[in-house]
Amino acid sequence: SVSLKLTIQPTPLRLLLRPATAFGEGIVNDAVSIVLYQGVTEVGFKGDPSTLGRLLLACLRNLALSALLGVFNALVASYVLKRANMKSDPVRESCVIMLVAFTTYMLCEQIDLSGVVAIFVLGVVLSHYAYNNMAYDAKLGSVMAAEMMSFVAETVVYIFCGRHLALRVLLTDSHHELTGKH
């Protein structure tokens with residue numbers, strides 16, 4: 001049997017930020033646009049200076065609370081990983097990381113905060129504190145699971161975009177055929 005020893009060269013922060021800068025878009029851009037959208041829907045921005053101040057406060061509150069929740073959950077997960085001594089079970093270590101990320105996102109979305117900001121901050125803090133306390137196999141498994149989920153999510157998005165475009169073209173062509181207008 002051939003034994004293949006993989007090394008994990010990139011830091012977790014690089015792995016976190018690398019997919020975020022693909023195609024010229026960044027996770028920070030996405031987070032800011034989501035926070036602005038949530039702020040506008042909360043305040044009902046009408047363009048006058050008084051609502052601009054309320055919009056700014058709503059966005060800053062959303063960003064701060066989301067970031068605080070991400071830091072808190074990351075520190076709790078880091079503490080659990082360090083004290084629970086799961087080095088002999090890398091699957092459970094990886095599951096803790098994935099479950100903390102999922103529950104942080106879902107909690108933020110349920111209380112009308114930005115799950116994207118919370119996940120971003122969670123990832124940065126986890127990469128600093130929890131990553132060094134994990135077994136090699138858990139590090140490798142977590143990185144591979146994150147890469148796989150990223151690939152599947154991108155594939156699903158492209159499939160839906162392609163399906164939407166194809167349906168739009170087909171419906172437009174059939175509408176032109178029925179009406180006789182081009």
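Student: Buried means under 20% relative accessible area, exposed means over 50%, and partly exposed lies in between (1.4 Å probe, protein chains only). Where does Asp89 fall, buried or exposed or partly exposed?

Tutor: Asp89 counts as partly exposed, because its relative accessibility is 22%. Before going on, note that this is a predicted model: local features need pLDDT of at least 70, side-chain atom pairs count only at pLDDT 80 or more, and totals for chains, interfaces and linings use all residues. Residues are numbered from 1 along each chain as its sequence is written, and side-chain values use heavy atoms, with hydrogens and water left out.

Student: OK. Which residue does Asp89 form a salt bridge with?

Tutor: Arg92 is the partner of Asp89, and their closest N and O atoms are 3.0 Å apart. The term asks for a side-chain nitrogen of Lys or Arg within 4 Å of a carboxyl oxygen of Asp or Glu.

Student: Why does Arg92 count as exposed?

Tutor: Arg92 counts as exposed because its relative accessibility is 55%.

Student: How many salt bridges does the structure hold?

Tutor: One. In general, side chains of opposite charge can pair when their charged atoms come close.

Student: New topic. How many helices and strands does the protein chain have?

Tutor: It has six helices and zero strands. Both are DSSP runs numbered from the N terminus (helices are H or I, at least four residues; strands are E, at least two). Along the sequence, the pattern reads α-α-α-α-α-α.

Student: And what share of the 182 residues is buried?

Tutor: Buried residues make up 27% of the 182 residues in the chain.

Student: How do the axes of H3 and H4 cross?

Tutor: Helix H3 covers residues 49-83 and helix H4 covers residues 90-110; their axes come within 10 Å and cross at roughly 160°. That makes H3 roughly antiparallel to H4. Angles under 35 degrees count as roughly parallel, over 145 as roughly antiparallel, 65 to 115 as roughly perpendicular, and the rest as oblique. Axes are lines fitted to C-alpha atoms, for helices over the stretch in contact, with angles from 0 to 180 degrees between N-to-C directions.

Student: What about the axes of H4 and H5?

Tutor: Those axes come within 8 Å and cross at roughly 150°. H4 is therefore roughly antiparallel to H5.

Student: Is Asp112 buried or exposed?

Tutor: Asp112 is exposed, because its relative accessible area is 58%.

Student: Back to H3. How far is the C-alpha atom of Leu65 from that of Val117?

Tutor: The two C-alpha atoms are separated by 9.5 Å, while Leu65 and Val117 are 52 residues apart along the chain. Leu65 is in helix H3, and with a relative accessible area of 37% it is partly exposed.

Student: Last one. Where is Phe160?

Tutor: Phe160 is in helix H6, which covers residues 136-179. Phe160 counts as partly exposed because its relative accessibility is 49%.
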